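Trainee: I'd like to learn how to read a structure like this one. Could we go through a few features together?

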Amino acid sequence: GEAYAQAERDQALRTRSLELSSEDLNRAYARQEQELVAREQSIASLRETANRLLGQMGLPALSPEDASLESLSQLMDTLVRERESSRIRLHQAHSSLEQQKFALDQHAIVSITDVDGTILYANDRFVEISGYSRAEMLGQNHRILNSGRHPRKFFTELWKTISSGRVWRGDICNRAKDGSRYWVTATIVPFLDGTGRPYQYVAIRNDITSRIAVEEKLDAQLHFTQELVENIPVPIYFKDTEGRYLGFNKAFEEFFGL
């Protein structure tokens, strides 16, 4: 009887051991299933991120069969490194552009307008020479600086040039806020969109008011001299070093009948 009872206890113990082992196996299997699902989700997430980065870099996307977790991890590491390198290069380029812009602003009068001539940007030198505050200029049409010195045809040709996407260069007389006039030599550069049509114009100018004043003074003096020589009642002529006539006054013409 004791042996039989012991056998039953041993049998019960083995049965319980099998039950516990089965439960452990089920739990282990469940954990493995969860880990497998999590692994597949991780792979899918990494593949999606990798494809997004590849798309931003202009590279072909991965297919679902292309990538294991290990290869995706390596690819992600490479892409992240490349992205960081690109970010650094972009930052350096941006810094260089800012420095160039600063240097340009120190030297030139700069403004940016839309295709209708509305002022979108004005640097400090533009504000200074025009007499308008930046708030007064932004959103206004560039016509507020029109001095009335140039004929309508002048601006028609200017707009015809830049609206076709070509660079325009020339001298312009503008009017400041206080009514005074100032001269600039200007280069107007169209910014083109993907279709080749202008969407903004950048104008870079230099103040030449002093030079124009000197030229106008010299022109006035030359005109005065020419009028003086022309009206002197004594025949006057001038020649080059080879003795060829270059000109003479009215008295010379009348005296010799030439």
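This is a predicted model: local features need pLDDT of at least 70, side-chain atom pairs count only at pLDDT 80 or more; totals for chains, interfaces and linings use all residues.

Trainee: Okay, let's start in helix α6. How are Glu-215 and Arg-211 separated there?

Mentor: They're four residues apart in helix α6, so about one helical turn lies between them.

Trainee: What makes a contact a salt bridge?

Mentor: You look for a side-chain nitrogen of Lys or Arg within 4 Å of a carboxyl oxygen of Asp or Glu.

Trainee: Where does Asp-171 sit, and where is Arg-211?

Mentor: Asp-171 and Arg-211 meet in a salt bridge too, at 3.3 Å from N to O. Asp-171 lies in strand β3 and Arg-211 in helix α6, so this pair ties together parts that are 40 residues apart in sequence.

Trainee: And is Arg-211 buried, exposed or partly exposed?

Mentor: Buried means under 20% relative accessible area, and exposed means over 50%. Arg-211 has 40%, so it counts as partly exposed. Asp-171 is partly exposed as well, with 30%.

Trainee: How many salt bridges does the structure hold?

Mentor: Six. One of them joins the side chains of Lys-177 and Glu-136, at 2.7 Å from N to O. That pair links distant parts of the chain: Lys-177 is in the loop between β3 and β4, Glu-136 is in helix α4, and they're 41 residues apart.

Trainee: Now the strands. Which way do β4 and β5 run when they pair?

Mentor: They pair in the antiparallel sense, over nine bridges. Thr-185, for example, stands opposite Asn-206 in β5. The two strands form a hairpin with five residues between them, and Gly-196 in the turn has a positive phi of about 85°.

Trainee: Which strand does β1 join?

Mentor: β1 joins β5, through five bridges, and the two run antiparallel. There, Val-110 stands opposite Ile-204 in β5.

Trainee: Last one: which residues gather in the patch of negative charge on the surface?

Mentor: Glu-227, Glu-230, Glu-253 and Glu-254. Helices α6 and α7 each supply at least two residues of that patch. Glu-253 lies in helix α7, and its 40% relative accessibility is why it counts as partly exposed.

Conventions. Residues are numbered from 1 along each chain as its sequence is written. Side-chain values use heavy atoms; hydrogens and water are left out. Two strands pair if DSSP finds at least two bridges between them. Patches are made of residues with over 30% relative accessible area and no salt bridge: like charges are joined within 9 Å, nonpolar side chains (Val, Leu, Ile, Met, Phe, Trp, Tyr) within 5 Å. Accessible areas come from the Shrake-Rupley method with a 1.4 Å probe; for residues, only the protein chains shown count as cover. Lys and Arg count as positive and Asp and Glu as negative; His and the chain ends are not counted. The place of a charge is taken as NZ of Lys, CZ of Arg, CG of Asp or CD of Glu. Buried means under 20% relative accessible area, exposed over 50%, partly exposed in between (1.4 Å probe, protein chains only).
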